Amino acid sequence: MKTTEKRLNKPKKARVGPSKGRKGEGEEAAGTGRYYYKGNRQKQMRAFVYTVKLGTLTRAAEALFLSQPTVSLQLQALERELGMKLLERRRRRINLTDAGEALYELARPLVEGWENLDRDFQAKVKGLQGGRLTIAAGTSTIQYLLPDLVRRYREQFPEVQLQLANVTGKDGLALLRADEADFAVGSMLDVPNDIAWAPVHHYDPMLITPLDHPLASKDALTLQDLSPYGLILPPQRLSTYRLVDLVFQQRQVPYRVAIEVGGWDVIKEYVAMGLGISIVTGICITDADRSRLAVRNMKQYFPQRSYGVVMRKGKFLSAEARAFVDLVRPGLLTHRDYDESGHSER
């Protein structure tokens, strides 16, 4: 009896190291050369995609609600498992290697598709009856170009929650890069490397004056003819002002701005009141405007403005977004730039 008690009460030897068949966090598996961090490839890929998309470890960590060291460890584990260098750190920015570029093109749609799985599943089952779509656009685009598209979209998909973010071009790009907008609709003068733009609609530049203005009936109108009259233009931060200024400067024709004011409707109203003349994009000219304003085409001096779909290269569009883009122009998303990755120039 005593012998049995001693055998039962004999303390067990403590196990040293991880249990059989398991690897500790950050431990290299013996004899395999593979490196494990939390054993989750999906988390590693998510950390990789977010780091590339947002440009820094800090931003990626904030977006993923993780610490920066955790994101860094996940990236290191991914590189060790794949046996290739994926990222290069230059100052405060993260740059892709050639291998990283290849992986990003493969991983991005997987990660974004996984994150949108619930929404896309609901859209598939319910036929786009419960999703959400955010489109960034400027005031003129929302007012003159989008109404018919929005009406048709709402008729087909009444349950989709549609948000039109009224922003300037710069702010619209920021929304795209932060994935706070699915895509944008508008005009672009300069297209960054990480942005894809497919122009769809083209509008001529128009001079508008009061009906009784001297320029309203003048033959062979020249740019110099505009010099004596004050222009009414949008604020300097907007592309229209910069474009008008560029044309006058390049041709060395003097001009003056009488009034700076936002909104095409306001500009047209002020011109009709005789407070000045303006150069506007044809998108904002309606039949009603022609009854109270003289409209002259100025395409011989000013470039056309094109409006279309703007999105981040490599963006994985939801079913709701693709349905709207198909209304803008069917087959527009077959443009290859939409499937390529790009680097943000922020």
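Start your tour by selecting three strands, S10, S7 and S11: in that order they form an open sheet with antiparallel pairing. (Two strands pair if DSSP finds at least two bridges between them; strands are DSSP runs of E with at least two residues, helices are runs of H or I with at least four, and both are numbered from the N terminus.) At the edges of this sheet are S10 (278-281) and S11 (293-297), each pairing on one side only. On average, neighbouring strands here are turned by 35° against each other, direction ignored.

Before you go on, a word about what is on your screen. This is a predicted model, in which local features need pLDDT of at least 70 and side-chain atom pairs count only at pLDDT 80 or more, while totals for chains, interfaces and linings use all residues. Residues are numbered from 1 along each chain as its sequence is written, and side-chain values use heavy atoms, with hydrogens and water left out.

**Stop 1: around S7**

Colour S7 (residues 205-210) and S10, and look for the 4 bridges of their antiparallel pairing. (Axes are lines fitted to C-alpha atoms, for helices over the stretch in contact, and angles run from 0 to 180 degrees between N-to-C directions; contact means heavy atoms within 4.5 Å.)

**Stop 2: the five-stranded sheet**

Next, select S4, S3, S5, S12 and S6. In that order they make an open sheet of 5 strands with mixed pairing. S4 and S6 (195-203) stand at its edges with a single partner strand each, so one side of each has no neighbour in the sheet. Neighbouring strands of this sheet are turned by 20° against each other on average, direction ignored.

Focus on S3 (residues 132-137). How many of its 6 residues are buried? The count is 5, so S3 is largely enclosed by the rest of the structure. (Buried means under 20% relative accessible area, exposed over 50%, and partly exposed in between, using a 1.4 Å probe and protein chains only.)

S3 runs parallel to S4 (residues 161-166), and 6 bridges join the two. Show Ile135 and you will find Leu164 of S4 opposite. To follow the chain from S3 to S4, trace it through helix H7 (residues 139-156); this β-α-β crossover is right-handed. (That is, with the strands pointing away from the viewer, the path from the first strand over the helix to the second runs clockwise.)

S3 also pairs with S5 (residues 183-187), in the parallel sense over 3 bridges. Here Ala136 stands opposite Ala184 in S5. From S5, step across to S12 (residues 305-312): these two run antiparallel and are joined by 4 bridges. Ser187 stands opposite Tyr307 in S12. Now show helix H12 (residues 319-328), which packs on the sheet, touching S3, S5, S6 and S12, and whose direction makes about 50° with that of S3.

**Stop 3: a leucine in H8**

Select Leu176, found in helix H8 (residues 169-177). Is Leu176 buried or exposed? Its relative accessibility is 2%, so Leu176 counts as buried. Leaving aside residues up to four places away in sequence, Leu176 touches a set of residues including Phe183, Ala184, Ile195 and Val310. Leu176 and Ile195 are 19 residues apart in sequence, with 8.8 Å between their C-alpha atoms.

**Stop 4: two helices**

Pick helix H5 (residues 98-115). At 1.5 Å a residue its 18 residues should span 26 Å, and its end C-alpha atoms are 26 Å apart, which agrees. (The expected span is 1.5 Å times one less than the number of residues.) Look along H5 for a bend of about 30° at Ala107, with a proline, Pro109, following within four residues. (The bend at a residue is the angle between axes fitted to the seven residues ending there and the seven starting there.) The buried residues of H5 include Leu103, Tyr104, Ala107 and Val111.

Then move to helix H2 (residues 41-54), where 10 of the 14 residues are buried. Among them are Met45, Phe48, Tyr50 and Leu54.

**Last stop: the whole view**

Zoom out to see the protein with its 12 helices and 12 strands. Of its 346 residues, 45% count as buried.
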